[in-house]
Amino acid sequence: MAVEKRNKLALVVPFIGKLNIVQIRDQPINSKYTLIDIIELEKYHFKFISSLCLPTNHQVTYGFELTIFNQSIQVLGGITLVSNTENEYVYKAIIKQDKHADTDSEMIYMINQLAAKQNNKYGKLVKSYSTESLSMENTVDLIC
């Protein structure tokens, strides 16, 4: 079964990524990284959750590291705030295009791999609730 190409994938279970600040106002910075929960992937964007209130200024460049199935992708980009609550901020990361990197094809590959894995897990979950599996169990009535 071939998996169709998907441009956007909402994740059932978030996966962990890393984020750090690499540049502010054209000045290189090598900050420590923080862990983020990635909840949605697209070819040039992804949404993530963080407990930190991060600067969304266009002069700040972030470095992101995504590792899926033992394959790591490092990209640069900016962020915008999507929503926030008291303890949680949802951001959208916009990946900067690099003409010399294969980031586009790597992101599409990751999206397809995650989609296939999610579809398999969802299919198994649905089958576990089917009426066939329930009727095959032995039931015993006890009268006291």
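Q: Which residues does Ile-21 touch, not counting residues up to four places away in sequence?
A: In this predicted model, Ile-21 is found in strand β1, which covers residues 8–24. When residues up to four places away in sequence are not counted, the residues that Ile-21 touches are Ile-29, Asn-30, Ser-31, Val-60, Thr-61 and Tyr-62.

Q: Does Ile-21 count as buried or exposed, and why?
A: A residue is called buried when its relative accessible area is under 20%, and exposed when that area is over 50%. Ile-21 has a relative accessibility of 18%, and therefore Ile-21 counts as buried.

Q: What distance separates the C-alpha atoms of Ile-21 and Tyr-33?
A: Along the chain, Ile-21 and Tyr-33 are 12 residues apart.

Q: In what order do the elements of the protein run from the N terminus on?
A: The protein contains 2 helices and 7 strands. Read from the N terminus on, these elements follow the order β-β-β-β-β-β-β-α-α.

Q: Which residue in β7 is the bridge partner of Lys-47?
A: Strand β4 is also joined to strand β7 (residues 89–95), and the two run antiparallel with 6 bridges between them. For Lys-47, the bridge partner in β7 is Lys-92.

Q: With which residue does Lys-47 form a salt bridge?
A: The structure holds 1 salt bridge, and in it the closest N and O atoms of Lys-47 and Glu-40 are 4.0 Å apart. Lys-47 is partly exposed because its relative accessible area is 23%, whereas Glu-40 is buried because its relative accessible area is 11%. The salt-bridge partner of Lys-47 is therefore Glu-40.

Q: Which residues touch the most other members of the largest nonpolar core?
A: The largest nonpolar core has 26 residues, and those touching the most other members are Phe-15, Ile-38, Phe-46, Phe-48, Tyr-62, Phe-64 and Ile-79. At least two residues of this core come from each of β1, β3, β4, β5 (60–68), β6 (71–84), β7 and α1 (103–128). To return to the residues asked for, they are Phe-15, Ile-38, Phe-46, Phe-48, Tyr-62, Phe-64 and Ile-79.

Q: Which residues does Phe-15 touch, not counting residues up to four places away in sequence?
A: Phe-15 is one of the residues that touch the most other members of the largest nonpolar core. Leaving out residues up to four places away in sequence, Phe-15 touches Ile-36, Asp-37, Ile-38, Leu-41, Leu-66, Thr-67, Ile-68 and Leu-114.

Q: What share of the residues of the protein count as buried?
A: The protein exposes about 10,400 Å², and carbon and sulfur atoms supply 52% of that area. The protein has 144 residues, and the share of them that count as buried is 29%.

Methods:
Residues numbered from 1 in each chain as written. Predicted model: local features only at pLDDT ≥ 70, side-chain atom pairs only at ≥ 80, totals over all residues. Heavy atoms only, no water. Helix = DSSP H or I, 4+ residues; strand = E, 2+ residues; numbered from the N terminus. Buried < 20%, exposed > 50% of the residue type's maximum accessible area, 1.4 Å probe, protein only. Contact = heavy atoms within 4.5 Å. Pairing = 2+ DSSP bridges. Areas by Shrake-Rupley, 256 points an atom, 1.4 Å probe, with all protein chains shown as cover. Core = buried A, V, L, I, M, F, W, Y, C linked by side-chain atoms within 4.5 Å. Salt bridge = Lys/Arg side-chain N within 4 Å of Asp/Glu carboxyl O.
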